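Here is a note for a colleague who is meeting this structure for the first time. Please read the points in order, with the model open alongside.

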Amino acid sequence: MKHIRLADGTRLAYTLTGKAQGPTVALLDGISCDGFIWPYMQPTLEQHFRVFHLHYRGHGLSGLPRKSEEVTLPHLVRDIDQVAEVLGLGPMVCIGHSMGCQVTLELAWRYPKRVRAGILLCGSGGRLLDTSALQRTRHRGSLKLVTNR
């Protein structure tokens, strides 16, 4: 794991593996997760893509923010955008697991040029796709919903 320190002092852990050039896949964890699900698919992804995995602030090997209230979806997606910018990553295919589904949707809404596509795995039960971020994104027309119906 490498680390980067943000302007607010928060230290974030990340990995950037796989192909040095080409499309980037971002692995977005669930709440309190540190990537336990990704070893099953990461080796295959690394053969074809550059793979970016960031531990959110307060998660895994990343540090806590100085202000405890700064662990919200807007903070998490701002961190992803800032680290991706520093690393020179273009639009990413975001694979969200559990809470990572909401992170993917929020990232697509707040930073639409950062997200090439989203893959949502094992998201919350109920009406996951009725999150406020998706509703706002639908109105802007920047995210297309694909379902198996």
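How many salt bridges does a search of the whole structure find?

1. The search finds seven salt bridges, a salt bridge being a side-chain nitrogen of Lys or Arg within 4 Å of a carboxyl oxygen of Asp or Glu. Please bear in mind that this is a predicted model, in which local features need pLDDT of at least 70 and side-chain atom pairs count only at pLDDT 80 or more, while totals for chains, interfaces and linings use all residues. Residues are numbered from 1 along each chain as its sequence is written, and side-chain values use heavy atoms, with hydrogens and water left out.

2. One of these bridges joins Glu70 to Arg57, with 3.9 Å between the closest N and O atoms. Both residues sit in the loop between strand 4 (50-54) and helix 2 (73-87), so the pair ties together parts that are 13 residues apart in sequence; helices (H or I, at least four residues) and strands (E, at least two) are DSSP runs, numbered from the N terminus. Glu70 and Arg57 are both buried, where buried means under 20% relative accessible area, exposed over 50%, and partly exposed in between (1.4 Å probe, protein chains only).

3. Arg114 and Asp81 form another salt bridge, at 3.0 Å from N to O. Since Arg114 belongs to the loop between helix 3 (99-110) and strand 6 (115-121) and Asp81 to helix 2, the pair ties together parts that are 33 residues apart in sequence. Arg114 is buried at 8% relative accessibility, and Asp81 is buried at 16%.

4. Within helix 3, Arg110 and Glu106 lie four residues apart, about one turn of the helix, and their salt bridge has its closest N and O atoms 2.6 Å apart. Arg110 is partly exposed, at 35%, whereas Glu106 is buried, at 5%. Salt bridges with shared partners also link Asp8, Arg57, Glu70, Arg78 and Asp79 in one network.

5. Turning to the nonpolar cores (sets of buried Ala, Val, Leu, Ile, Met, Phe, Trp, Tyr and Cys residues joined through side-chain atoms within 4.5 Å), the largest has 22 residues, and Phe52, Ile80, Met92 and Val103 have the most contacts inside it. Among the elements giving two or more residues to this core are strand 2 (11-18), strand 3 (24-28) and strand 5 (92-97), while helix 2 gives the most, with five residues.

6. Leaving aside residues up to four places away in sequence, Ile80 is in contact (heavy atoms within 4.5 Å) with Leu28, Phe52, Leu54, Tyr56, Met92, Val103 and Leu107.
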